[in-house]
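Morning, everyone. One structure today, and a quick walk through it. Have a look at the screen first.

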Amino acid sequence: MSRGDELKELASDLSRAVETARRVGLPTTVYLLSMALVEVKEAARAAAEEDDDGAA
């Protein structure tokens, strides 16, 4: 599994965790997980760009 794939999987897990925290009423947890999700999505995007550059 590539780094990009692992980051996409982590983003998916974080997204589910955000929804769960929102459902049970944990606003601080929602905020923290959302910030982590943004970071992971940016890292996944960067990894995908690296893969695209390497393929050229």
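Let me start with a question. Which residues form a nonpolar patch on the surface? They are Tyr31, Leu32, Met35 and Val38. Together these four have about 400 Å² of accessible area. Tyr31 sits in helix H2, which covers residues 27-55.

Before I go on, a reminder: this is a predicted model. Everything I quote is computed from it.

Now the overall picture. The protein has two helices and zero strands. Its radius of gyration is 13 Å. The globule rule gives 10 Å for 56 residues, and 13 Å is well over that, so the protein is more spread out than a compact globule. The C-alpha trace tells you how it extends: about 45 × 15 × 10 Å along the principal axes.

What about the surface? The protein exposes about 4100 Å². Carbon and sulfur atoms supply 55% of that area. Buried residues make up 21% of the 56 residues.

On to the inside. How many residues does the largest nonpolar core have? It has 11. Here is the list: Leu7, Ala11, Leu14, Val18, Ala21, Val30, Leu33, Leu37, Val40, Ala44 and Ala47. Helix H1, residues 3-24, and helix H2 are the elements that give two or more residues to this core. H2 gives the most, with six.

Take Leu7 first. Leu7 lies in helix H1. Is Leu7 buried or exposed? Its relative accessibility is 12%, under the 20% cut-off, so Leu7 counts as buried. Set aside neighbours within four places in sequence, and Leu7 is in contact with Val40, Ala43, Ala44 and Ala47. Look at the pair Leu7 and Ala43. They are 36 residues apart in sequence, yet 7.2 Å apart in space, C-alpha to C-alpha.

Next, Leu33. Not counting residues up to four places away in sequence, Leu33 touches Leu14, Ala17, Val18 and Ala21.

Note on methods:
Residues are numbered from 1 along each chain as its sequence is written. This is a predicted model: local features need pLDDT of at least 70, side-chain atom pairs count only at pLDDT 80 or more; totals for chains, interfaces and linings use all residues. Side-chain values use heavy atoms; hydrogens and water are left out. Patches are made of residues with over 30% relative accessible area and no salt bridge: like charges are joined within 9 Å, nonpolar side chains (Val, Leu, Ile, Met, Phe, Trp, Tyr) within 5 Å. Accessible areas come from the Shrake-Rupley method with a 1.4 Å probe; for residues, only the protein chains shown count as cover. A salt bridge is a side-chain nitrogen of Lys or Arg within 4 Å of a carboxyl oxygen of Asp or Glu. Helices (H or I, at least four residues) and strands (E, at least two) are DSSP runs, numbered from the N terminus. A nonpolar core is a set of buried Ala, Val, Leu, Ile, Met, Phe, Trp, Tyr and Cys residues joined through side-chain atoms within 4.5 Å. Buried means under 20% relative accessible area, exposed over 50%, partly exposed in between (1.4 Å probe, protein chains only). Contact means heavy atoms within 4.5 Å. The radius of gyration is taken over C-alpha atoms; the globule rule is 2.2 Å times the number of residues to the power 0.38.
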